[in-house]
Amino acid sequence: MIQSSTFSRPGDRRAFVDTAREIARSIPGDGRPPKDMLIPVVEARMVSAAWTLRRLPDRERGFLRARQSYWPETMADGGTYAGAGLTSFQARFRARIRAEEIDAMQPTLDLLLLLPDREDREILFFGAWHQDGELGGRIPWAKVRRSLPAGKAGNTGNLSRWTLKRRYAGALSWLAALIALQL
């Protein structure tokens with residue numbers, strides 16, 4: 001069991017237990033699911049939370065769009081618009097966010113706070129952020145490495161892709177073990 005001192009607010013522990021039970025319910029079968037079955041579910045939720053966070057509206061972009069309607073002379077010329085065909089990323093990015101996705105996003109991102117190492121939190125988040133698809137595609141480790149801020153020793157951005165992959169898998173395994181302990 002996780003101690004109460006791990007959580008900063010009083011309701012955080014309750015939210016974690018609810019999230020753990022919701023993750024366990026998504027796995028078929030009775031009783032406590034094994035940790036190995038929880039890992040892909042936790043990864044899928046992380047990727048979904050990162051994509052939901054990515055698709056939240058940007059206030060500055062909305063302001064610029066409104067400004068173009070106020071001052072039409074600042075609008076782009078006809079040749080500067082994007083082509084007719086959208087990539088799958090652009091189409092997914094433009095899709096409307098459902099309320100269920102937003103409700104699941106915050107508790108899933110709060111799971112990152114349970115990892116003891118800040119660098120592992122960043123690796124797991126940026127690994128989910130940069131996945132090629134929302135269903136858990138290939139992770140471009142070079143993009144993850146560039147997204148990582150320099151650590152205290154300044155070597156976080158110099159980790160090899162194998163080290164990043166191992167720490168990503170370790171962080172997922174750690175979260176799955178914590179969830180399994182709560183059930």
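Reply: Helices (H or I, at least four residues) and strands (E, at least two) are DSSP runs, numbered from the N terminus. The model is predicted, with local features needing pLDDT of at least 70 and side-chain atom pairs counting only at pLDDT 80 or more, while totals for chains, interfaces and linings use all residues. Residues are numbered from 1 along each chain as its sequence is written, and side-chain values use heavy atoms, with hydrogens and water left out.

Me: In which helix is Gln-182 found, and is Gln-182 buried or exposed?
Reply: Buried means under 20% relative accessible area, exposed over 50%, and partly exposed in between (1.4 Å probe, protein chains only). The relative accessible area of Gln-182 is 7%, so the residue falls in the buried class. The C-alpha atom of Gln-182 is separated by 9.6 Å from that of Asp-18, although the two are 164 residues apart along the chain. Gln-182 is therefore buried, and the helix that holds Gln-182 is α8.

Me: How many helices and strands does the secondary structure of the chain come to?
Reply: Read from the N terminus on, the elements run α-α-α-α-α-α-α-α. The chain has 183 residues, of which 36% count as buried. The secondary structure comes to eight helices and zero strands.

Me: At what angle do the axes of α2 and α6 cross?
Reply: Axes are lines fitted to C-alpha atoms, for helices over the stretch in contact, and angles run from 0 to 180 degrees between N-to-C directions. Angles under 35 degrees count as roughly parallel, over 145 as roughly antiparallel, 65 to 115 as roughly perpendicular and the rest as oblique. By that scale α2 and α6 are therefore roughly perpendicular to each other. The axes of α2 (residues 35-55) and α6 (residues 118-129) come within 8 Å, and the crossing angle is roughly 70°.

Me: Which residues of α6 meet α2, and how many residues of the contact are charged?
Reply: On the α2 side the contact uses Met-46, Val-47, Ala-50, Trp-51, Leu-53 and Arg-54, and these meet Leu-124, Phe-125, Ala-128 and Trp-129 in α6. The residues of this contact divide into nine nonpolar, no polar and one charged, where Ala, Val, Leu, Ile, Met, Phe, Trp, Tyr, Cys and Pro count as nonpolar, Asp, Glu, Lys and Arg as charged, and the others, Gly among them, as polar.

Me: How many of the residues of α6 are buried?
Reply: The buried residues of α6 include Ile-123, Leu-124, Phe-125 and Phe-126, and the buried set packs against α2, α5 (99-110), α7 (141-147) and α8 (161-182). Helix α6 is largely enclosed by the rest of the structure, because its buried residues number nine of the twelve.

Me: Is Glu-43 buried or partly exposed?
Reply: Glu-43 lies in helix α2 and, leaving aside neighbours within four places in sequence, is in contact with Gln-131, Tyr-168 and Leu-172. Glu-43 and Ala-128 are 85 residues apart in sequence and 7.6 Å apart in space, C-alpha to C-alpha. With a relative accessible area of 22%, Glu-43 is partly exposed.

Me: Is Ile-27 buried or exposed, and is Gly-31 buried or exposed?
Reply: Ile-27 lies in the loop between α1 and α2, and Gly-31 is found in the loop between α1 and α2. Beyond neighbours within four places in sequence, Ile-27 is in contact with Pro-33, Met-37, Leu-38 and Val-41. At 7% relative accessibility Ile-27 counts as buried, whereas at 68% Gly-31 counts as exposed.

Conventions:
Contact means heavy atoms within 4.5 Å.
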